[in-house]
Amino acid sequence: MNDTLYNLNFEKLCNELQLGELISTPKPISGGLLHRMYAIETTQANYAVKALNPQIMIRPAAVQNYMDSEKIASVAAEHIHAQPAKRLNGASVHKIDNQFYLIFDWIEGQRLKQDEVTINNSSLMGTILADIHKTDFRQLELDSSQATNSKKNRLDVLSEQRKK
């Protein structure tokens, strides 16, 4: 299999993660830019499944970055209304036939159109953002060496450009 193409197998995903049997064909959910999202209905529950983009997942740090981001989301969910991916079989990132997935409980919702967004919506988002910034993530002890090196490299490039 070409590791840069999606290899979706929802039946196997549901079987290996004990999500129940599929009741209907998974339905694509629009809105994502980097990954594909699907609504799936099983005999146990409804889920949102994020199929992670294989072109991104071949990057050396990608899998660890997603595992770290789900740890961060779990801590954030203690302080804000957030939904981290489900931890199934001890993990939140699942690899089935070289395809990576994140599984979420389905939540009914609606997307606001641009002209429907109000000052109150913006205020709520600002409050949530402030609560995220007030959250203490030190307990996670994540390896920040890649982020630090990445920032240093970008700063070096910017510094060199400025000198020219």
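The legends below describe several close-up views of a predicted model.

In this predicted model, local features need pLDDT of at least 70 and side-chain atom pairs count only at pLDDT 80 or more, whereas totals for chains, interfaces and linings use all residues. Residues are numbered from 1 along each chain as its sequence is written, and side-chain values use heavy atoms, with hydrogens and water left out.

**View 1**

**View 1. The pairing of strands E2 and E3.**
Two strands pair if DSSP finds at least two bridges between them, and strand E2 (residues 36-41) pairs with strand E3 (residues 46-51) in the antiparallel sense over six bridges. Ala-39 has Ala-48 in E3 as its bridge partner.

**View 2. The largest nonpolar core.**
A nonpolar core is a set of buried Ala, Val, Leu, Ile, Met, Phe, Trp, Tyr and Cys residues joined through side-chain atoms within 4.5 Å, and buried means under 20% relative accessible area, exposed over 50%, and partly exposed in between (1.4 Å probe, protein chains only). The largest core has 14 residues, of which Phe-10, Leu-13, Leu-19, Val-49, Tyr-101 and Ile-103 touch the most other members. Helix H1 (10-16), E2, E3 and strand E5 (99-105) are the elements that give two or more residues to this core. A second, separate core of eleven residues includes Met-57, Tyr-66, Val-93 and Leu-102.

**View 3. Glu-70, a charged residue in helix H3.**
Glu-70 lies in helix H3 (residues 62-76) and is buried yet has no salt bridge, the nearest side chain of opposite charge being Lys-50, 6.7 Å away. Here Lys and Arg count as positive and Asp and Glu as negative, while His and the chain ends are not counted; a salt bridge is a side-chain nitrogen of Lys or Arg within 4 Å of a carboxyl oxygen of Asp or Glu. Leaving aside neighbours within four places in sequence, Glu-70 is in contact (heavy atoms within 4.5 Å) with Pro-84, Ala-85, Ser-92 and Leu-102.

**View 4. The salt bridge between Asp-105 and Lys-86.**
The side chains of Asp-105 and Lys-86 meet in a salt bridge at 3.1 Å, N to O, and this pair links distant parts of the chain, with Asp-105 in strand E5 and Lys-86 in the loop between H3 and E4, 19 residues apart. Asp-105 is partly exposed, with a relative accessible area of 34%, and Lys-86 also counts as partly exposed, at 21% relative accessibility.

**View 5. The salt bridge between Asp-131 and Lys-134.**
In helix H4 (residues 119-134), Asp-131 and Lys-134 are three residues apart and therefore separated by about one helical turn, and their side chains meet in a salt bridge at 3.3 Å, N to O. Asp-131 is partly exposed, with a relative accessible area of 24%, whereas Lys-134 is exposed, with a relative accessible area of 65%.

Terms used
Helices (H or I, at least four residues) and strands (E, at least two) are DSSP runs, numbered from the N terminus.
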